[in-house]
Structures are given as C-alpha cells and as structure tokens.
Amino acid sequence: MSNSQPKNWRPGRSSSDPAREVVFETLLAVAQDDAYANLELPKAIRRARLNKQDAAYATNLCYGTLRFQGRWDAIIAHGTAGRNLDTLDLPVLVLLRMGTHQLLGFETPAHAAIYETVKLARNLLGSGASGFINAVLRRVSERTLAQWQAVLHQDFGGKTSSLGFIATWFSHPEWIVRVIAKSLLANGRTNKDVISVLKADNEPADVSLVAREISIADLTRDIERGHMHCSAGKLVDSAVLLRGGDPHRVFAVQDLKAGVQDEGSQLVARTFARAPIAGKDELWLDMCAGPGGKTATLAAIAAQRGVKVHANEPHEHRLDLVHNAVEPWDDIVALRLGDGRDIGELEPLAYDRVLVDAPCTGIGALRRRPEARWRKAAGDAVDLTHLQLELLESAWKAVRAGGIVAYSTCSPHVAETHDVIEAFLAAHADADLLDAPAIAAAEAKIGNLGQNRQIQLWPDLHFSDAMYMAIIHKSEASES
C-alpha cells in the first residue's frame, strides 16, 4: 500500500487569514465588551504584525462592517431561515456581518468571501457554527446589493420615504435619523438633505492634522519625509489631511508641534479665540478639557498672545491625556481635576473667555466612531441637557463682564444645541448671542456655517464632524 498523499494534502486545518482574524477579534470586543474600535484595532494589528497592505484591509473591513451593521443585519435576517438574530451567538453574528460586508460591501468573489469566513468560523468556533455561517452567507450571495436594496424596500412597504427603510439602508437607528432631520430643518436645510448627511456619516473620515507650533509648509515636508502623502485641509487653513499612513509616525506629531484633530474642532477652537471681547484678554478657561485636543490648539494660540489657560476635567484618566497634549505649553496651562459646575462659585468673574465643550450624545462624530450609533439611546440627551445647562450657568458666573462664553457640542441634536442656548438666553438678560458664523468665516475656507447666529457644521458640506457652536457675550453692565 502506498504512503503517498495527494499533491495538495496538508495535515490539520489551514490557518485563518490573519487580517480577518484581527477584524473578528476587534469587532467581538466592540460588540461584547463595549470596546472602542479606534483603540482596539491598532493594538490587534500590532499584535498580529500585519504588513501595511493587510493592515489597510483590516481597517477597511472593520470600520465598514461597523458602519453598515444595520443594513447587513437586515439582510442576514433574510438568510437565517426564520431565526431571530437576537438568538445567535455573538461570535456567529459578528462573522456573518464580516462575511456580508465582504460579499456586498467589498464585492469580494463569493467563493473567496465565504471560504475565508467559514474557515475562520471553523478554526475559532467549530464545525457547527461554520456550517450555519456557510448556509447563511450562501443565501446572502444569491443577490446583488441592488437586489437586496429592493428586498429591504419591500420590507418597509415599498415607500422610498419610509423612515424605517432609510434608517436600515443607511444603517442608522431611527431616532438618530429623526434627530438629523429635525436639525437640518432648524438650521436652514431640508429633509431632502437627510440622505446626504447619512451617506457622509458612512464615508471614512479624513485623518486631519492640526499645525500648532509648526508651519503648514514644514508639516507637509515632515509628512513627505516619512514617505506619506497629504493634502491641504478643506475647512480650515491650519489643517493638513493625511492620505494613508500612521499620523503618529509624523515627527511633528511625536514632538506635539502638530496633533490629530478634526477640522470642525479646529474651527471651534480658533473661533473661540477670535471672538471679540471688551477689555483685557489674559486668562481663558477650557471647562471640559479632556482629552485635550482643543486645549492644545488654544494653548498654541494663547502662547502667541501672552494669555494663560486653565483646563478643567472631571475624570482623572482624561486629565492625564490633557496633560500629555499640552506639555509644550505647561508654563502657561494650569490643570484642574474637578467638576466644572463648581468653578463658577469657586472663581466668580475670574475669566475673560470660557469654553464649554460640553459632554453630549456625540452623534456628530459617527464617521469616526461608527459603533457609537448602536450604543446611544434616544433618551440620552435628556440627562445631558440638564448637565449642559448647569455647565453653562457655572461658566456664566466664572466669566467677567465684557467676556464671552462659547458653548460647543459634537452633536447636531436640537435638544443639545438650539434648545439649550434658547433656555439659557431666556434666563439671562445680560447675555447677548454673538454672530458665531460671521466670526468663524474669517477662519473658514467654506461658507454656509450656520444661521441664527449659531454655527452648525455638517459632514457632507464641511467635511468635518457635525460640530455646533454658540458664542455668548456678557454685558459690560452685568453685575454677576
């Protein structure tokens, strides 16, 4: 009897694709442990020692799967032979989402997408799970993306304007779609723009660097020396957009002369510093400073003007991040660990400018944190608006007459933006709303920054997070 084996015979099971294994590990941590993909994925890539090409593939697969999770779940549900997705083991559902994104998002050939996903399932979960995943993905592969769109359309009665269909197809919870629609109307846009904003939310965000203590020309040369590519910012002239590559490999970022910061956040910081005030301009307060990006940008501006900055943060681990971010300016930046709501009583009339970059639902940053859309709830804004108003009240006590308080959120939610400002203004006769879009126009490369004296940025118009900002001037006649 011959001992020879078939030509392609290999003992044991073939190993899983390392890039896909990294994505599975990250997505499972996100789904199971409420981890953050932007923190988990880089660590997993380093552990697996992926090369540049595999790391790029893993990044696209991970974030794409998260962005379109709602769409993929609706499609997967058609292939499970009646089984509710809530009854599936989480690792199985994660692999189904990954496989579906490869089939319909990447248009990977069916045999390759299914084979690699099933192999990963067999190696990590066993033959029972892999057989189920194989069957479901084969059903998914029987239709194109356009055909699945028609199927889901019919699931919601065939109405193009159906909120359920729009939310499912563009992969946002229904309540967030409602919030965006309401905010668009409140900010001078129309319901027709909802689709444009949802599409922009599902596009990968540019990696935006801010030049703080370095010129744009020098920062560009620094990036190019690292064999990376970049282009000019789209919204502000302090930004450089990195086209591939790790921003932390840029020497200027390592030296804290530049940092990673969304262009909308850069505009908020620069507008805050530009707003006119009466009298002296010597001491600024960043009331909600963590993780420190805006504080560092403000510190770089303050250093040029001989201004000192106080940065408050209630969470110690986030204050550590602020400390790291402002290290080059530690001679002019003082840090405080504590509740911003106490500062007004402790330091009345002490500051010339106060920035309240308030805790919020964060639904303006879904491009960068796609998993956040699945973790937020419609009721979250209720408690937050109470906190936001309390922080504003404290800031008002802390700012002197003739100074300004700027209020910003990374959310377009009317409850967290217009409603908060309207409530505050109604309670303070000595408060005057400055024309924030007009002030910001001197810093911005794009117009249409908002209306009714309030800034509202949009990812589809301004290529930034959906930042909101209002600037309130305290009357010189104010007694408190």
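This briefing walks through a sheet and its helices, then salt bridges, then cysteines.

The model is predicted, so local features need pLDDT of at least 70 and side-chain atom pairs count only at pLDDT 80 or more, while totals for chains, interfaces and linings use all residues. Residues are numbered from 1 along each chain as its sequence is written, and side-chain values use heavy atoms, with hydrogens and water left out. Welcome to the structure: it holds 29 salt bridges and 0 disulfides.

**The sheet and its helices**

- Four strands make an open sheet in the order 2-3-1-4, and their pairing is antiparallel. Strand 2 (229-232) and strand 4 (258-260) are the edge strands, each pairing on one side only.
- Two of the terms here come from DSSP: strands are runs of E with at least two residues and helices are runs of H or I with at least four, numbered from the N terminus. Two strands count as paired if DSSP finds at least two bridges between them.
- On average, neighbouring strands of this sheet are turned by 35 degrees against each other, direction ignored. Axes are lines fitted to C-alpha atoms, for helices over the stretch in contact, and angles run from 0 to 180 degrees between N-to-C directions.
- Strand 2 pairs with strand 3 (residues 239-243) in the antiparallel sense over 4 bridges. In this part of the sheet, H229 stands opposite R243 in strand 3.
- Helix 12 (residues 216-225) packs on the sheet and touches strand 1 (207-211), strand 2, strand 3 and strand 4; contact means heavy atoms within 4.5 Å. The direction of helix 12 makes about 15 degrees with that of strand 3.
- Helix 14 (residues 263-274) lies across strand 1 and strand 3, and runs at about 30 degrees to strand 1.

**Salt bridges**

- A salt bridge here is a side-chain nitrogen of Lys or Arg within 4 Å of a carboxyl oxygen of Asp or Glu. For accessibility, buried means under 20% relative accessible area, exposed means over 50%, and partly exposed is in between (1.4 Å probe, protein chains only).
- E174 forms a salt bridge with R178, and their closest N and O atoms are 3.4 Å apart. Both residues lie in helix 10 (residues 174-186), 4 residues apart, which is about one turn of the helix. E174 is partly exposed at 34%, and R178 is partly exposed at 47%.
- K280 and D352 meet through their side chains in a salt bridge of 2.7 Å, N to O. This pair links distant parts of the chain, 72 residues apart: K280 is in the loop between helix 14 and strand 5 (283-286), and D352 is in strand 8 (residues 351-357). K280 is partly exposed at 39% relative accessibility, whereas D352 is buried at 0%.
- D339 and R341 also meet in a salt bridge, at 2.8 Å from N to O. D339 is partly exposed at 27%, and R341 is partly exposed at 36%.

**Cysteines**

- A disulfide is a covalent bond between the sulfur atoms of two cysteines. The cut-off used here is a pair of cysteine sulfur atoms within 2.5 Å.
- C288 is buried, with a relative accessible area of 11%.
- C410 is in no disulfide either, as the nearest cysteine sulfur, that of C360, is 5.8 Å away. C410 is buried too, at 15% relative accessible area.
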